[in-house]
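The entries follow in the order in which I looked them up.

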Amino acid sequence: MTTISCYFESGMKVSEKDGHVVIWGDVLEALRGFVPDGSVDLIFADPPYNIGKNFNGRRDRWKSEEDYLSWCYEWLDLCIRKLKKNGSFYVMAATQNMPYFDIFLRKKLTILSRIVWSYDSSGVQAKKYFGSLYEPVLFCVKNKKDYTFNADDILVEARTGAKRKLIDYRKSVPTVYNSKKVPGNVWDISRVRYRMSEYEKHPTQKPVALLERIVKASSNPGDIVLDPFSGTFTTSFVAQSLGRNSVGIEIDEDYMKIGLRRLRIREKYNGEMLRREPRTYERQNALTQQHLALFERRPHYGA
Ligand SMILES: C[S@@+](CC[C@H](N)C(=O)[O-])C[C@H]1O[C@@H](n2cnc3c(N)ncnc32)[C@H](O)[C@@H]1O
């Protein structure tokens, strides 16, 4: 299929290929102008946290907490409007802001799980208090009697502590106990590291494993998955690999280009080949190979 791209008067640019849409623009404008109400099956929102991160030169800092929260309430409301009646909404926020999100959302949706994404770090987080090693995620639904939850697709090993498989001898034929379970609400998933193959140049890229669990649990093949703050387009990338459709919104042009590449929507953008930036060690390896090749080509002198 061919890629379709179009510019809107506001400057927003939309590219689409094979059911995957990349929108370069502001979240409020894109949600209002491009996404029909009641059309989306699953939304994963990972907004700027108002903690001063540097998103490619755009500072993640609002004048006041009130300003930040009122902006958040605006896009949260829009996301709710875009969801189908049986849709699901996963929202992340900084630990200190999550209580506000929770109180706001519980009046409009049913919050089914308060998930803790926990990870470890070799670095020192804090020396005078307990450093933060988790991020909260809310899992909300519009209708608690009608929503998608594919429990069988996300089963994990139930850790019993036993070295051997436990056998249930009460059955007429002794049977191995079921060793799989639906994960609880504490998710131990490593953060994306520089040396991991999925790494992209972005300060808060979310791991594929985190999105895989969410997309598998709360959507079906062919569904529409929306990410209003796409960053490196992890959500759309996972949606594509699992046969869902996707809509990703991102305000930064460089990050948007990551999306075009990761989703294989474009190979070139404004004449530039879209390539993953090589890591330092990859560049060093390439240089070493070149260096060795140079010596191999030279005639050998001496004995
Ligand atoms: C926390 S990051 C998302 C990371 C993403 N989940 C990933 O896996 O890479 C938030 C993103 O929102 C983008 N952003 C900030 N303000 C925005 C706005 N008004 N509209 C759309 N995107 C925005 C930032 O450029 C940043 O890439």
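**Notebook entries**

I began with contacts in the protein chain between residues at least 6 apart in sequence, and 62% of them join residues at least 24 apart; two residues are in contact if their C-beta atoms, placed from the backbone, lie within 7 Å. I noted that the model is predicted: local features need pLDDT of at least 70, side-chain atom pairs count only at pLDDT 80 or more, and totals for chains, interfaces and linings use all residues. Residues are numbered from 1 along each chain as its sequence is written.

I found seven helices and 18 strands in the protein chain, as DSSP runs numbered from the N terminus (helices H or I, at least four residues; strands E, at least two). The C-alpha trace spans about 80 × 65 × 55 Å along its principal axes.

I then examined helix H4 (residues 208-218) and helix H5 (residues 234-241), whose axes come within 9 Å and cross at roughly 55°. The axes are lines fitted to C-alpha atoms over the stretch in contact, with angles from 0 to 180 degrees between N-to-C directions. The contact is made by Val208, Leu211, Glu212 and Val215 of H4 and by Thr234, Thr235, Val238 and Ala239 of H5.

Last, I looked up the ligand and listed 20 surrounding residues, the closest being Val27, Lys206, Phe229, Gly231 and Thr232; a residue is near a molecule if its C-beta atom, placed from the backbone, lies within 6 Å of it.
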